[in-house]
Amino acid sequence: KQNVKASRTSSNIDAFYRTGAAQFALVVEGQDDTTLYNVAERIRLSIASKTGWPGDIAQWSVSIGAATPTETNQPGQLLSAAESALAYLKQQNGTNKILFSNQLPAKYKRMHSGDAGVAGNLEVFDPAELLQSMAIARNSGILRVTGESGVEFWAFFTDGVLKKSKLGTQLRGDSAVIEFICIFEHGNFRFVESNAMASSGGEDPRNLGASYDTKDLNKLLLDAALAKDNMDAARTKVPNLELYVVAAQENQRPALWDKLKASPMPPTSSEIILMQEMLKMANGSLKLKQLMQKMDTNPTPWLYHCASMLLEHQLIRLTAIKTYAYL
């Protein structure tokens, strides 16, 4: 807000929206190209120059795609033009840069991932944007994404509404979507319309049970953004998964639990359940990586976050020596 106000020459209304897990839209009303660029540049510089972000993250950068009504007077087309400029920057690895849509190469044509039968890779579309584009295009069909390790994620849409999802053999529903958004960085995707699903191979999601159901996509995007932030912060506290996990002694745990629950950001009831499950297996014979693999019906970000809280509050410790705790 401060960056926008610093460039304002009138009292027109501005609006700021979250349009994805890590994507935002800013509407600056009644300004010319020069003022819009100044706004974008102030935002870019303020983010690039800031240090010490929450979660022990040293530095962030931002890429900004911009468009003005000189190109189109239709709000939807204006947003699409700005998104095309941003997509081009991402495709060209243009981090920490600003690009107006009228600066795009004449032959550049953005691939819309919501188009029927489209295929592509996650170098251009990040997972959250890919899911959003399906919803915006009101597509019906199945999206399949194969990651670098060969693990497959699929999501089934009906008229743009995310209905069911699965990742690998263990994660289903909301958990699968959160894992996909937070973990997948590279991979190939393919979207197949409902009327062509029978001939595309694979299981038909329409025949699967309620455990594959997902909630509102917008809510999931926000949940995934929070999970990713928590995981990034946890990784600074749990940098090595190859260490053995040892639980605190039984007689010490009640006081440690009380301290954890009274902390400024106490765990949720579902996080407490996960942490209790971790403690049961933390007998010193399993490395943290092995322990997390045994709990692979839960998204990786959740496991990182729970392990980090247990470690921070001394309910577990990590050691290079295989040992056994007093359980």
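A crossing of two helices is called left-handed if the near helix is turned anticlockwise from the far one by less than a right angle, and right-handed if clockwise. By that rule, α7 and α11 make a left-handed crossing. The model looked at here is a predicted one, in which local features need pLDDT of at least 70 and side-chain atom pairs count only at pLDDT 80 or more, while totals for chains, interfaces and linings use all residues. Numbering starts from 1 along each chain as its sequence is written, and side-chain values rest on heavy atoms, with hydrogens and water left out.

Helix α7 covers residues 217–237, and its axis comes within 8 Å of that of α11, crossing at roughly 45° (axes are lines fitted to C-alpha atoms, for helices over the stretch in contact, with angles from 0 to 180 degrees between N-to-C directions; helices are DSSP runs of H or I with at least four residues, numbered from the N terminus). That makes α7 oblique to α11 (under 35 degrees counts as roughly parallel, over 145 as roughly antiparallel, 65 to 115 as roughly perpendicular and the rest as oblique). On the α7 side the contact (heavy atoms within 4.5 Å) includes A227, N230 and M231, and on the α11 side T300, W302 and H305 are among the residues involved. By class, this contact has seven nonpolar, four polar and three charged residues (Ala, Val, Leu, Ile, Met, Phe, Trp, Tyr, Cys and Pro count as nonpolar, Asp, Glu, Lys and Arg as charged, and the others, Gly among them, as polar).

Helix α7 also packs with α5, at an angle of about 55° and with the axes 9 Å apart. These two are therefore oblique to each other, and their crossing is right-handed. From α5 come D174, V177, I178, I181, C182 and I183, which meet α7 residues including A227 and M231. The tally here is ten nonpolar, no polar and three charged residues.

Both α5 (173–183) and α11 (300–312) turn up again in the second largest pocket, where they and α10 (288–294) each supply at least two lining residues. The pocket has a volume of about 660 Å³. Its lining runs to 25 residues, with V151, L167, E179, I183 and T300 nearest the centre. Ten of the lining residues are nonpolar, nine polar and six charged.

Elsewhere, helix α8 (residues 253–261) packs with helix α9 (residues 269–281) at about 150°, their axes 13 Å apart. The pair is therefore roughly antiparallel. W257, L260 and K261 of α8 touch I272, M275, Q276 and L279 of α9, giving five nonpolar, one polar and one charged residues.

Key:
1 Å grid on protein atoms, 1.4 Å probe; cavity = no way out; pocket = protein on both sides within 12 Å on 5 of 7 lines; lining within 4 Å. Points joined across faces, edges and corners; volume = space filled by probe spheres on them.
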